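Here is a short tour in questions and answers, meant to be read with the structure open beside you. Shall we take a look together?

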Amino acid sequence: MAEENENSQEKTEEPTPRRLEKAREDGQTARSKELATMAVLISGAMGLLVFGASMGKSMAGIMRDSFVLDRTDIFDTGQMTLHLLASAKEATLATAPLLVVMLIAAIAGSIGIGGLLISGKAIAPKLNRMDPIKGLGRMFSMRSLIELVKAILKVGLVMAVAILILDLRTDDLLSISSESFRGAMEHVLWTLGWSFLVLACATIVIAVIDVPFQIYDHQKKLKMTMQEVKDEYKDTEGKPEVKGRIRQLQREMAQRRMMQDVPGADVVITNPTHYAVALKYDQKKMAAPIVVAKGHDQTAFKIMEIAREHKVEVMRTPPLTRAVYHNTKVGDEIPDGLYMAIAQVLAYVFQLRQFRKGRGDKPHVPDFPIPSDLRRDV
């Protein structure tokens, strides 16, 4: 049965990256208790087999020292305290390797799926969990039923493996009665250790089933309705009208910055009724002339107006203006194919300035060469 939200919309959409990120922030991620239990049991069983002999010798030494005491030490509180501390230290050192192995296994099992997650929200008290009605609902939910079935299967599996081990080891266990005390103890401990390991390995079956289920269940909980996806997109990307207003403000700011650069231009070339492009060239700092401003229609007229106010030469060169306008962006160098044409424009402007100062003849406007691949008719 498909899950439904309050608006009766089915949760059919996969969780978005933002939904997954928020779930992790809230401490919600896929976890498998069975994986952690399996890791701890198997590591504990293997640790006992590896460190069991040394632990046994250490514990035997502690027991021996605890029963072989001087009479004076028994009645001396200070000496008994020192003896207790020494025994505790010896026991800690003896069990430390096993405990460290089990600790590492517990951490690895816990983060085996979902990864490492530290979240204060996960441990924060939640008042809704104290609601008895909701508590009863959780007790009799489908998830509780699944956990009950898992527990029954887990106990049944372990019992079946234990019975199988006893059946296979019956003759071996009965033979212990004919062994010496020391040999019988070693035999029993060895049998218990390996039996514990086999029982622990039985939990692998449970973990293999539980891990995919927990991942599936976690993904299912985070699924979203189409409306939730749309709402998240609006919250993340912004509402269309807000984004439109932001883009408009950005364009206005960029245009204001562009207009501030027009007074510093060397020349403004125009197609008087449609386009205007302001060019600047500093031989010491630039490899080629750059476009400091450009625009069409009202923006073009504004560029020409500012240029005239600041005594920047305005040249009517329709084909060249269209070519530069359509093949560059503000801040770009002019294309290689237009170097010759722009060089002629700058040379004409320089000669025109000299003429106005009375230092030469009036220059003639040249024909500007424009490669066919850069030409634009409109």
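Q: Among contacts in the chain between residues at least 6 apart in sequence, what percentage join residues at least 24 apart?
A: Keep in mind that this is a predicted model. A contact here means heavy atoms within 4.5 Å. Counting contacts between residues at least 6 apart in sequence, the share that joins residues at least 24 apart is 73%.

Q: How many helices and strands does the chain have, and what percentage of its residues count as buried?
A: The secondary structure comes to 14 helices and four strands.

Q: Are helices α2 and α4 roughly parallel or roughly antiparallel?
A: Helix α2 covers residues 33–67 and helix α4 covers residues 77–110; they pack with their axes 8 Å apart, at an angle of about 170°. Angles over 145 degrees count as roughly antiparallel. Therefore α2 is, relative to α4, roughly antiparallel.

Q: How do the residues of the contact of α2 with α4 divide into nonpolar, polar and charged?
A: Let's stay with this helix pair for a moment. The contact of α2 with α4 holds two charged residues and ten polar ones, and its nonpolar residues number 17.

Q: Does Lys150 count as buried or exposed?
A: Lys150 sits in helix α7, which spans residues 142–168. Buried means under 20% relative accessible area. Because Lys150 has a relative accessibility of 16%, Lys150 counts as buried.

Q: Which residues is Lys150 in contact with, leaving aside its neighbours within four places in sequence?
A: Setting those sequence neighbours aside takes us beyond the local stretch around Lys150. The contacts of Lys150 are then Glu34, Asp210 and Gln214.

Technical notes
Residues are numbered from 1 along each chain as its sequence is written. This is a predicted model: local features need pLDDT of at least 70, side-chain atom pairs count only at pLDDT 80 or more; totals for chains, interfaces and linings use all residues. Side-chain values use heavy atoms; hydrogens and water are left out. Helices (H or I, at least four residues) and strands (E, at least two) are DSSP runs, numbered from the N terminus. Axes are lines fitted to C-alpha atoms, for helices over the stretch in contact, and angles run from 0 to 180 degrees between N-to-C directions. Angles under 35 degrees count as roughly parallel, over 145 as roughly antiparallel, 65 to 115 as roughly perpendicular and the rest as oblique. Ala, Val, Leu, Ile, Met, Phe, Trp, Tyr, Cys and Pro count as nonpolar, Asp, Glu, Lys and Arg as charged, and the others, Gly among them, as polar. Buried means under 20% relative accessible area, exposed over 50%, partly exposed in between (1.4 Å probe, protein chains only).
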